[in-house]
Amino acid sequence: MLERTFQIEVDDLSDAARLDQFLVQFFAEEDLSRSRIQKLISEGLVLVDGLVSKPAARLSGGERVSVTLPAGV
């Protein structure tokens, strides 16, 4: 399987959501665990508005999130 990149436009959120929790919901069909998503974030494979972020970063809506899933994920 090849590396895949996702471009996600975050809709306005009624409550600020953590980046890692938001991505767990977004990738529910991929069956990615929160710890796996946190590892992707720490490896720099998740960017928020083009910048490396932290798993606990709060999203408020309007951000652009780029996620690169390595081959085999």
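View 1. Leaving aside neighbours within four places in sequence, T68 is in contact with E3, R4, T5, L40 and L45. Contact here means heavy atoms within 4.5 Å. T68 sits in strand β6. Helices (H or I, at least four residues) and strands (E, at least two) are DSSP runs, numbered from the N terminus. T68 counts as buried, at 15% relative accessibility. Buried means under 20% relative accessible area, exposed means over 50%, and partly exposed lies in between (1.4 Å probe, protein chains only). The side chain of T68 also makes a polar contact with the side chain of T5, at 3.4 Å. A polar contact is a pair of N or O atoms within 3.5 Å; within protein, one must be able to donate a hydrogen and the other to accept it, and residues adjacent in sequence count only if both atoms are side-chain atoms.

**How to read the views.** This is a predicted model: local features need pLDDT of at least 70, side-chain atom pairs count only at pLDDT 80 or more, and totals for chains, interfaces and linings use all residues. Residues are numbered from 1 along each chain as its sequence is written, and side-chain values use heavy atoms, with hydrogens and water left out.

**View 2. S66, another residue of strand β6.** S66 lies in strand β6. Its relative accessible area is 16%, so S66 is buried. A polar contact of 3.3 Å joins the side chains of S66 and Q7.

**View 3. E3, in the segment before β1.** E3 is found in the segment before β1. E3 is exposed, with a relative accessible area of 56%. Beyond residues up to four places away in sequence, E3 touches T68, L69, P70 and A71. Now look for L19. E3 and L19 are 16 residues apart in sequence. In space they are 21 Å apart, C-alpha to C-alpha.

**View 4. The salt bridge between E30 and R4.** The structure holds five salt bridges. A salt bridge is a side-chain nitrogen of Lys or Arg within 4 Å of a carboxyl oxygen of Asp or Glu. E30 forms one with R4, and the closest N and O atoms are 3.1 Å apart. The pair links distant parts of the chain, 26 residues apart. E30 is in the loop between α1 (19-26) and α2 (34-42). R4 is in strand β1 (residues 4-9). Both partners are partly exposed: E30 has a relative accessible area of 33%, and R4 has 22%.

**View 5. A salt-bridge network at D20.** R18, D20 and R34 are linked in a network of salt bridges. R18 pairs with D20, the closest N and O atoms being 2.8 Å apart. R34 also pairs with D20, at 3.1 Å between the closest N and O atoms. This second pair links distant parts of the chain: R34 in helix α2 and D20 in helix α1, 14 residues apart. Is D20 buried or exposed? D20 counts as buried, at 0% relative accessibility. R34 is partly exposed, with a relative accessible area of 37%.

**View 6. The buried face of helix α1.** The buried residues of α1 are L19, D20, F22 and L23. Seen down the axis of α1, they fall within an arc of 160°, so they line one face of the helix. The arc is that of the directions from the helix axis to the C-beta atoms. These buried residues pack against β1, β2 (17-18), α2, β3, β5 (58-59) and β6.

**View 7. The largest nonpolar core.** A nonpolar core is a set of buried Ala, Val, Leu, Ile, Met, Phe, Trp, Tyr and Cys residues joined through side-chain atoms within 4.5 Å. The largest one has 16 residues. Which of them touch the most other members? They are I8, L19, L23, F27, V46, V65 and V67. The elements that give two or more residues to this core are α1, α2, β3 (46-48) and β6 (64-69). In soluble globular proteins, nonpolar side chains tend to be buried together. Leaving aside neighbours within four places in sequence, F27 is in contact with F6, I8, L32, V67 and L69.

View 8. Most residues other than glycine have a negative phi. D31 has a positive phi of about 60°, although it is not a glycine. D31 lies in the loop between α1 and α2. D31 is exposed, with a relative accessible area of 69%. D49 also has a positive phi, near 50°. D49 is found in the loop between β3 and β4 (51-52).
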